[in-house]
Amino acid sequence: MLKIETIDARIALLTFNDYRSCWLVRDRKNALIETGYPADNHLLIAGLAQLGLTPIDIDYLALTHIHLDHAGGAGHLARLNPKVTICVHAKGARHLIDPAKLLKGTKKAHGNRFATMGEMLPVPESNLRVIDSGDHIQLGDTQLAVHYTPGHAKHHVIFHDTTSASVFAGDALGSKYKQRPNFILTPPGGYDKQLAIKSIELVQTLKPKRINFAHCGTYRLSEHDSFFEDLKHGHEDWTECIAEILDSNPKSDSETLWNAFLNRRPDLAQYTDQHFSFRLSVQGIRTYLERSGRI
């Protein structure tokens, strides 16, 4: 299922199956931010067509990070448009050239769901542009400023569009589905609570008026909005909750830990469509606690 929303004269939002978004920014050059899963490629092409474009019209693919729900279609886009420049942090670039390790980790984390994501194609090294804080993607009058924002993943960046005073946040600021509160995203492998909070504070200093989420849509910030403080509290709260459970029972298996967490956070029980994501986040926090020596 494909949904397209016009945000302003330059920016359009493409949402796949209600759970994954990518963003089109149009100027003298065009940038696509994120691609969704490899299996979303046909929806991406259909969405571009509805907006009067083809893959050949995309000058830049800007990736916040390389998890499959964000970068899985990069190789498909490069095959359809051999001239596209794919912008990614250095710590993620090698996994686009050779995705074997990335795919192995994704399969381990997602289990049977992995088969529904589609085939991720490698990206030719010649298509890659390595980016970091201080870099810019110049589209014309529009300039996307790059900021390194680790915490969710070691290779995560966000893009700041000063023209609209908005940020394309990837997963650095959690998720925001319609009729849902903001959920933190702390998957296993790269999650680091301290870095995640520092990254939130960095985005806060940019004073954005709008957050463009990859999951899913936009959120407009009011002058006295508590969004950033609430988000930082979420990281602290979830981490402390899981630490307390593991202090009591360090050898809890994944299912026991999840059930204990949900018992302590019954407010989350109603969001059954998010439980798989919550489970990944619980495991990510556990890995972080173990790695940091907290448990």
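I take contact to mean heavy atoms within 4.5 Å of each other. The model is predicted, and I keep to local features with pLDDT of at least 70 and to side-chain atom pairs at pLDDT 80 or more, while totals for chains, interfaces and linings use all residues. Residues are numbered from 1 along each chain as its sequence is written, and side-chain values use heavy atoms, with hydrogens and water left out.

**Leucine 173.** I looked up its contacts and, leaving aside residues up to four places away in sequence, found Val167, Asn182, Ile200, Val203, Ile211, Phe213, Phe227, Phe228 and Leu231.

**Cores.** I then turned to nonpolar cores, meaning sets of buried Ala, Val, Leu, Ile, Met, Phe, Trp, Tyr and Cys residues joined through side-chain atoms within 4.5 Å, where buried is under 20% relative accessible area (1.4 Å probe, protein chains only). The largest has 35 residues, and Leu173, Ile211, Phe227, Phe228, Ile242 and Phe261 touch the most other members. Among the elements that give two or more residues to this core are strand E11 (166-170), strand E12 (210-213) and helix H7 (227-248), helices (H or I, at least four residues) and strands (E, at least two) being DSSP runs numbered from the N terminus. H7 gives the most, with 9 residues. Another core, of 32 residues, lies apart from it and includes Leu14, Leu63, Val84 and Ile86.

**Sheet.** I traced an open sheet of 6 strands with mixed pairing, in the order E8-E9-E10-E11-E12-E13, counting strands as paired if DSSP finds at least two bridges between them. E8 (136-138) and E13 (217-220) are at the edges with a single partner strand each, so one side of each has no neighbour in the sheet. E11 and E12 pair in the parallel sense over 4 bridges, and valine 167 stands opposite isoleucine 211 in E12.

Key. Buried means under 20% relative accessible area, exposed over 50%, partly exposed in between (1.4 Å probe, protein chains only).
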